[in-house]
Amino acid sequence: MKKSTLAVVVLAAFLFIAMAFTVQQAAPVKYKNLKVLPKNTTKAELDSVMKLFTGSLGVKCGECHVRSNDAQRNFDFANDSLENKNTARGMMRMTARINKKYFKDVNKEKNIKTVTCFTCHNGKEHPGMKPPPQQQGPPGGPGGQPRPGGGGQPGAPSTGTPQKDTLPHGAPPPQTNGPRP
């Protein structure tokens, strides 16, 4: 009987120690004040979205989130006092509508991903309202040669084929009868 009692005590001690070192699953984080993202958004998903924002707009967290008054100056993520946070929510809704309306069929084929913040912002806080100015260079293509397809000048319309059929001022080339000498 001593052996069986000893075995039970050893087994109980082993189970107690094993349970003490067992890493318990952390409870899922419940975020406050999610108005556009789903309420069951995970920490990894939220971190991914926030990294997309900071990279796409070239900003840091303080553009949308308010620091609290505690000693560590942590962010008060539920605080809505900064207008940029509400602007970001509106932009999230806008891109979701665009993607749902225009890209749902294309996305099945994986040809076009989706419209994101980066589509317009390109890493800048405010998207550009007009294209950058074109660089000025020699007329025509590289080395001053006429561009294939005609035009010769940057931005000139192209016919898609080199202009061999006309002379200056649009006159047709002279007709010949037979081979040239």
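Helix α3 gives the most to the lining of the largest pocket, with twelve residues. Helices (H or I, at least four residues) and strands (E, at least two) are DSSP runs, numbered from the N terminus. The structure is a predicted model, in which local features need pLDDT of at least 70 and side-chain atom pairs count only at pLDDT 80 or more, whereas totals for chains, interfaces and linings use all residues. Residues are numbered from 1 along each chain as its sequence is written, and side-chain values use heavy atoms, with hydrogens and water left out.

The protein chain averages a pLDDT (the predictor's confidence in each residue, from 0 to 100) of 76, and 59% of the residues score at least 70. Over residues 158-167 the pLDDT is below 50, and this stretch has 16 contacts in the model beyond near neighbours in sequence, a contact being heavy atoms within 4.5 Å. The chain has five helices and two strands, which run α-α-β-β-α-α-α from the N terminus on. Of its 181 residues, 14% count as buried, that is, under 20% relative accessible area, with exposed over 50% and partly exposed in between (1.4 Å probe, protein chains only).

The largest pocket has a volume of about 1,400 Å³, and it is lined by 47 residues, of which Val 49, Met 50, Phe 53, Ala 88 and Met 92 lie nearest its centre. The elements that give two or more residues to this lining are α2 (43-57), β2 (75-76), α3 (83-102) and α5 (117-121). On a 1 Å grid over the protein atoms alone, a pocket is an open set of points where a 1.4 Å probe fits, with protein on both sides within 12 Å along at least five of seven lines, and lining residues have an atom within 4 Å of a point; grid points are joined across faces, edges and corners, and a volume is the space filled by probe spheres set on the points.

His 65, in the loop between α2 and β1 (66-67), is buried, with a relative accessible area of 12%. Not counting residues up to four places away in sequence, His 65 touches Met 50, Phe 75, Phe 77, Leu 82 and Lys 85.

Ser 56, placed in helix α2, is likewise buried, because its relative accessible area is 3%. Leaving aside neighbours within four places in sequence, Ser 56 is in contact with Cys 117, Phe 118, His 121, Asn 122, Gly 123 and Lys 124. The C-alpha atoms of Ser 56 and Cys 120 are separated by 8.8 Å, although these residues are 64 residues apart along the chain.
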